There are 2 protein chains.
Amino acid sequence: MKGKQLTGMIDRLEPINQTVRNIASGTIAPRHLVQFCLDRISRHDVVLRAWVRLDEHSALAEADRLEQMALRGKILGPLHGIPIGVKDIIDVAGMPTVAGSPRRAHHIAARDAPLVSQLRRAGAIILGKTVTTQFAGFDPPPTRNPWNLGHTPGGSSSGSAAAVAAQMCQAAIGTQTGGSIVRPASYCGVAGLKPTYQAIDTSGVVPLSRTLDHPGPIARHVSDLAILFQVLKQRSQRQRSAPAIDATPLLRIVEDFFMDEAAANVISALEPALARLHAAIRTDNPFRLPRSFQTLHRMHRRIMAAEAAQVHRDEFESAAGQFAPRITELIKEGLEMPAVEFAAALEHRALFRQAMGQQLDAATVLVMPATNTAAPPELTTTGDARFQSPWSYAGLPVVSIPAGKDPQGMPCSLQFVGAAGQDERVLAAAAWSENQLALDWQRPEPKAKCTN
Amino acid sequence: MKGKQLTGMIDRLEPINQTVRNIASGTIAPRHLVQFCLDRISRHDVVLRAWVRLDEHSALAEADRLEQMALRGKILGPLHGIPIGVKDIIDVAGMPTVAGSPRRAHHIAARDAPLVSQLRRAGAIILGKTVTTQFAGFDPPPTRNPWNLGHTPGGSSSGSAAAVAAQMCQAAIGTQTGGSIVRPASYCGVAGLKPTYQAIDTSGVVPLSRTLDHPGPIARHVSDLAILFQVLKQRSQRQRSAPAIDATPLLRIVEDFFMDEAAANVISALEPALARLHAAIRTDNPFRLPRSFQTLHRMHRRIMAAEAAQVHRDEFESAAGQFAPRITELIKEGLEMPAVEFAAALEHRALFRQAMGQQLDAATVLVMPATNTAAPPELTTTGDARFQSPWSYAGLPVVSIPAGKDPQGMPCSLQFVGAAGQDERVLAAAAWSENQLALDWQRPEPKAKCTN
């Protein structure tokens with residue numbers, strides 16, 4: 001076929017916009033791109049364990065169909081031919097949505113979740129399902145960190161972050177209720193977007209906590225996240241006009257809590273990056289968190305527990321033994337909680353959101369470390385959500401980007417947080433920052449880096 | 001003074017826009033308007049019991065100040081010189097906010113609630129505080145229905161509705177959590193607006209149920225409600241452009257539940273009105289309620305109970321005996337409720353709102369009876385909220401207008417319901433309908449109508 005004659009083998013993944021241009025011009029065949037990802041998976045996933053299920057046959061058939069379209073000059077959308085992984089709590093038609101639970105092994109999804117349909121309509125190739133912690137909770141999954149196999153990749157979107165970091169797909173979809181996109185993305189040295197609450201439809205996603213769950217993309221470049229966000233956001237959000245973006249963003253550091261509680265080696269890893277962003281940061285004017293931040297983590301836990309208990313109540317009553325220890329603890333907490341405690345937490349959240357809304361104008365983007373430590377050197381935890389959960393709680397848009405390495409060579413990220421609905425502005429600020437940092441890391445090769 | 005020479009005594013209240021024009025032109029002095037209201041109050045409130053507290057001195061002083069401004073050609077806003085009553089769960093600086101509770105007799109408000117400040121900035125004269133049921137619950141207050149003193153005026157905004165119906169003020173502010181604006185307005189033969197959830201700030205309002213509470217105006221004409229809404233709505237809402245309004249609205253009847261459960265004499269009272277609105281009603285296409293409506297009333301009660309319990313928890317634990325019987329029952333229900341039950345109700349509400357949002361386009365306004373019966377002939381109840389609570393639950397804008405009388409001469413209303421944020425469109429539809437109906441009722445004179 002003409003297309004294949006034009007295309008050579010692929011030895012690395014480019015940013016999505018470049019890849020789609022290459023597919024459109026016939027320089028790359030989607031089949032070779034898929035094959036590149038499948039080769040990476042077959043080489044590394046035995047140890048990395050980022051994937052629950054692949055659909056090689058469909059992915060290759062779809063690649064051929066998209067190649068034929070491209071040869072006829074037809075490009076479906078900004079993801080034409082791009083291989084993507086989907087966290088295994090999100091329905092993909094014909095595949096089980098196991099959600100890390102043995103009881104769900106035969107829950108075959110009849111339909112794609114709307115967000116998956118949106119990906120497909122934009123030309124994406126769904127490669128398969130990526131590993132999640134059980135029900136997107138805190139029980140560590142088998143996945144390892146591609147930078148060092150003895151370290152956790154973070155969670156709950158463990159497989160999505162590890163797969164993107166190991167170049168097994170060009171992007172992957174995760175979800176965040178506490179810190180489940182930003183933390184694994186940061187631990188694995190890739191970029192993540194947790195959008196404004198409700199910017200992306202959660203239908204067809206196994207809920208953990210309905211008022212805290214946020215689907216969002218993980219990718220290697222902020223430009224990739226921006227493309228994915230355009231594709232994924234709900235129609236109602238799409239009607240919003242994109243904000244006017246200044247060349248240099250207006251950044252404010254959050255010293256309270258985030259600079260104070262970050263580990264010393266995270267601060268030293270990030271200091272050179274913060275220095276490089278100096279031109280944008282209003283150093284004279286750090287952002288002060290509302291006083292109600294003090295009880296935020298406790299209130300976040302309450303909401304998550306009450307809502308998780310409501311979701312899993314019936315299953316839990318009939319088969320509690322099938323639940324992993326940490327999700328069990330969360331559900332039990334929720335089942336024992338009185339409604340007034342939950343109501344108090346919801347009120348606290350409404351007031352915290354209001355206070356943040358008053359203090360954070362649309363033009364400002366906050367910057368702070370994305371995690372309090374780099375990926376812990378153990379596989380018995382998915383790490384600490386305390387730096388990410390405030391923004392899940394507030395429903396504000398967050399983008400994290402790799403920004404340094406700790407002395408052990410593990411990546412550390414900065415996170416950028418904006419006002420509700422200002423996802424594009426936060427993406428623009430993160431893209432500007434990524435460009436300033438101009439990191440030129442070797443990509444991790446899982447086998448070579450194992451120190452355990 | 002020149003102004004007073006120009007103004008004659010007032011024998012009835014005109015619509016607000018006409019009154020403000022008369023004040024601006026010097027045809028009416030605000031003092032005479034206030035005096036007219038105070039006279040009505042002193043004549044009728046001994047039996048009607050619509051007022052908790054008046055501030056005659058301040059009201060008259062403010063009237064004089066506003067008159068002087070008008071004489072200098074300065075008009076503060078669309079309520080310049082208009083006497084208004086405020087439900088006694090809303091803070092008015094310097095007055096106690098008793099909320100119907102003996103324990104709060106000395107809770108003097110330090111500041112006006114923001115909605116009261118907005119009224120004052122638009123030129124309103126705050127006449128005093130109107131009777132509320134205890135904590136805006138269901139315990140009957142001393143207020144009577146001006147159309148017949150043996151009938152309830154409804155609640156919980158009992159005093160606000162009765163005072164407007166008896167021409168003791170030109171408008172009054174109420175709040176609705178179940179049916180507390182639309183029901184008393186309907187029972188008392190006046191118009192009411194329960195706006196979109198969060199369209200009006202609830203700061204400085206004693207909460208009953210934080211996610212169900214809606215402040216809103218009660219007045220005699222839809223044009224009055226529209227003016228009050230413009231003044232009262234939050235700044236964030238004001239940035240919304242008003243929808244394009246057609247001359248004839250697009251109305252759809254809700255037969256499910258509302259036409260089915262309305263008492264026969266309500267249906268007969270409203271049939272002539274519905275016939276007069278025929279040109280606007282898509283009779284071929286009644287609106288079908290989402291299936292989840294079936295459990296709505298139970299879920300509404302759950303949310304109200306859990307949130308009321310959270311608000312009153314501390315006071316209740318220290319002095320349960322000070323609470324009236326029905327609010328006690330509600331708080332107890334909430335205190336005994338597990339968080340998962342509350343979470344299930346919140347989920348039900350989110351899904352009901354979503355379903356209504358999908359089925360009700362921005363251009364359509366629903367029409368249905370506002371109450372299932374006219375005001376019951378007793379003072380031991382505030383009536384039945386089942387026709388109003390669905391729209392408090394859904395957070396959708398509602399306007400009710402008097403539309404007929406039952407065989408005992410008690411008024412019955414229609415209510416108009418629109419999509420979230422379409423308050424102006426609902427007001428326009430109700431104004432068009434009010435105009436079609438052209439009711440020319442004698443206003444009630446409380447003493448003359450008592451049949452008990």
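Copies are superposed by least squares on the C-alpha atoms of residues with pLDDT of at least 70 in both. This is a predicted model: local features need pLDDT of at least 70, side-chain atom pairs count only at pLDDT 80 or more, and totals for chains, interfaces and linings use all residues. Residues are numbered from 1 along each chain as its sequence is written, while chains are lettered from A and ligands numbered from 1 in the order in which they are written.

**View 1. The rotation that relates chain B to chain A.** A rotation of 180° superposes chain B on chain A, with 0.0 Å of shift along its axis and an RMSD of 0.0 Å. That is the relation of a two-fold axis. Look for B:A339: of the residues of chain B, its C-alpha comes closest to the rotation axis, at 1.8 Å.

**View 2. The contact of chain B with chain A.** Chain B gives 17 residues and chain A gives 17 residues (two residues are in contact if their C-beta atoms, placed from the backbone, lie within 7 Å). On the side of chain B, the elements that give two or more residues are α12 (296–319), α13 (325–336) and α14 (339–359). Helices are DSSP runs of H or I, at least four residues; strands are runs of E, at least two; both are numbered from the N terminus. α14(B) gives the most, with 7 residues. The side of chain B divides into 10 nonpolar, 2 polar and 5 charged residues. Ala, Val, Leu, Ile, Met, Phe, Trp, Tyr, Cys and Pro count as nonpolar, Asp, Glu, Lys and Arg as charged, and the others, Gly among them, as polar. The copies meet through the same surface, because 100% of the interface residues of chain B are also interface residues in chain A.

**View 3. Helices α8 and α16 of chain A pack together.** α8 (residues 222–232) and α16 (residues 423–437) of chain A pack at about 165°, their axes 9 Å apart. Axes are lines fitted to C-alpha atoms, for helices over the stretch in contact; angles run from 0 to 180 degrees between N-to-C directions. So α8(A) is roughly antiparallel to α16(A) (an angle over 145 degrees). Among the residues that meet are A:L225 and A:F229 in α8(A) and A:L427 and A:A430 in α16(A). The contact divides into 7 nonpolar, 1 polar and 2 charged residues.

**View 4. The open sheet of chain B.** 10 strands form this sheet, in the order β1-β3-β2-β4-β6-β5-β9-β10-β8-β7, with mixed pairing. Two strands pair if DSSP finds at least two bridges between them. The edge strands are β1 (51–54) and β7 (250–253) of chain B.

Terms used. Angles under 35 degrees count as roughly parallel, over 145 as roughly antiparallel, 65 to 115 as roughly perpendicular and the rest as oblique.
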